[in-house]
Amino acid sequence: MSRKTIQVTEQEMAEQREAARRVREIEDRPKSYFIVTYGCQMNAHDSEILAGMMDEMGMTPAAAREEAELILFNTCCIRDNAERKALGNMTWLKELKRQNPRLVLCACGCMIQQPRMAKVILRQYPFFDIAFGTHNLHKFPSILERALETRRQVISIEETDGCIAEGLPCSSESKITSYLSIMYGCNNFCSYCIVPYVRGRERSRSEDDILREAERLLEGGTQEIMLLGQNVNSYGNDRDDGATFPGLIRRLDALGVPRLRFMTSHPKDLSEELIEAMASSKHCAHHFHLPVQSGSDAILKAMNRIYDRETYLRRVESLRKAMPHIALTTDIIVGFPGETDADFEDTLSLVERVRYDSAYTFVYSPREGTRAAAMPNPVPQEVSSERIARLIETQERISAEVLAGLVGSEQRVLVEEVSKRDARQVAGKCTRNITINFDGDESLIGSFARVRVTAAGHNTLKAELVSAEDKEAPEWP
């Protein structure tokens, strides 16, 4: 089947809004919903959009899944553990469905978008009512309407390169921090990764549409915007209007977004222009998530990462030269097929050299349909387990040293909540994306504060308030 990228028309969006209206008028429709989300920030933002749709369909969020009349699983398939966890929790709902046959159960997201998976899910979990993929999330109102009218299982999977749908509703628990998707899909085809197959090819929204959404978020009280994309560094490459990611950063900075973050970035597309745009920005957080995946040139080549160790380290050097206080975080995979002891030692030595604030570390998980799944020389589980333990131990030591080095420094914190550890304190993240707890009350929530770090914990900091400050203060310490 041929694939193509689709720009959803306003007429199609109007049809979905009309479907939502009709669902509201169905007498025995679900009145409450509960969403279970697995995976990345993109999935979390998709769940916010789905929540916005259900709000428009006359439903309200339930406090627990046992209290909901519709339960939706937004799934992930990037790693085997996430997939097995989702399937295990879906099994648990069988008893709820037996007790309440009118309960509507839905499964969506990346796992469902995989070839044949939707039919497998509904065959193995016949108590589920709906399965739909990532490419037709915007059609959820009409999908739900069909399921409610027919009271039969509905499968809705579209084989395209994905779409761009503007004007979708969104319901977020936080009004202080917000996600904003600037592009969808991925063209990189890393040999271990299923994302291009379930999220489609890269497709960038227009700068004007992004700016309009950012303005709406600011009007609603948002203080921090997280720009999302599978590879934000390649934003605009698929457009012919001159849009680039550094240019978008500059426009959002000029708009006055109090704090701006983004993820994820591919090292091969990290340009000096982007580094300069970050460094000269008044509002861009000095934190860069730059997945390395491995420190071995041989493994990077097998992964199809399109850069080598030295190129990556030059990118790190450029970032730190432009922003000496920048925090770096990363993703690392161990146990990739063919990884030798020497390859793993290269990864450890890179971690020691870069000294990340933190790292997401994973044992390689084969994904059906990717090139790596068919590669020879799998690493024995016991070897992978030993390597991941050593990597975690190394990174935890470095993280502790980085946090300890911040004691005595002043940091700018966006206060997000009352501290979960002490009701007399508030908590928020500094520009390095580290949580800081300090004495304060609810009146500080939603504002920026200047604090002095007094102690370092396992992965958080303690501080004392120096001053509440205007949101226009620069991001760097």
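**Entry: the second largest pocket.** I looked up which kinds of residue line the second largest pocket, and they divide into 21 nonpolar, 14 polar and six charged. Here Ala, Val, Leu, Ile, Met, Phe, Trp, Tyr, Cys and Pro count as nonpolar, Asp, Glu, Lys and Arg as charged, and the others, Gly among them, as polar. I am working with a predicted model, where local features need pLDDT of at least 70, side-chain atom pairs count only at pLDDT 80 or more, and totals for chains, interfaces and linings use all residues. Residues are numbered from 1 along each chain as its sequence is written, and side-chain values use heavy atoms, with hydrogens and water left out.

A pocket is an open set of points on a 1 Å grid over the protein atoms alone, where a 1.4 Å probe fits, with protein on both sides within 12 Å along at least five of seven lines; lining residues have an atom within 4 Å of a point. The second largest pocket holds about 1100 Å³ of space, counted as the space filled by probe spheres set on the points, which are joined across faces, edges and corners. Of its 41 lining residues, Cys40, Ile78, Arg79, Asp331 and Phe362 are the closest to the centre. Helix α3 (80–99) gives the most to this lining, with four residues. Helices are DSSP runs (H or I, at least four residues), as are strands (E, at least two), numbered from the N terminus.

**Entry: the largest pocket.** I found a volume of about 1600 Å³ for the largest pocket. Its lining has 47 residues, and Gln41, Tyr179, Tyr360, Glu416 and Lys429 are the closest to its centre. Helix α14 gives the most here, with six residues.

**Entry: the cysteines.** How many disulfides does the structure hold? I found zero, a disulfide being a pair of cysteine sulfur atoms within 2.5 Å. The sulfur of Cys108 is 7.7 Å from the closest cysteine sulfur, in Cys106, so the two are too far apart for a bond. Cys106 is buried, at 0% relative accessibility (buried means under 20% relative accessible area, with a 1.4 Å probe and protein chains only). Cys108 is buried too, at 1%.

**Entry: Arg199.** I found Arg199 in helix α7, and at 7% relative accessibility Arg199 counts as buried. The side chains of Arg199 and Asn43 are joined by a polar contact of 2.5 Å (a pair of N or O atoms within 3.5 Å; within protein, one must be able to donate a hydrogen and the other to accept it, and residues adjacent in sequence count only if both atoms are side-chain atoms).

Technical notes. Buried means under 20% relative accessible area, exposed over 50%, partly exposed in between (1.4 Å probe, protein chains only).
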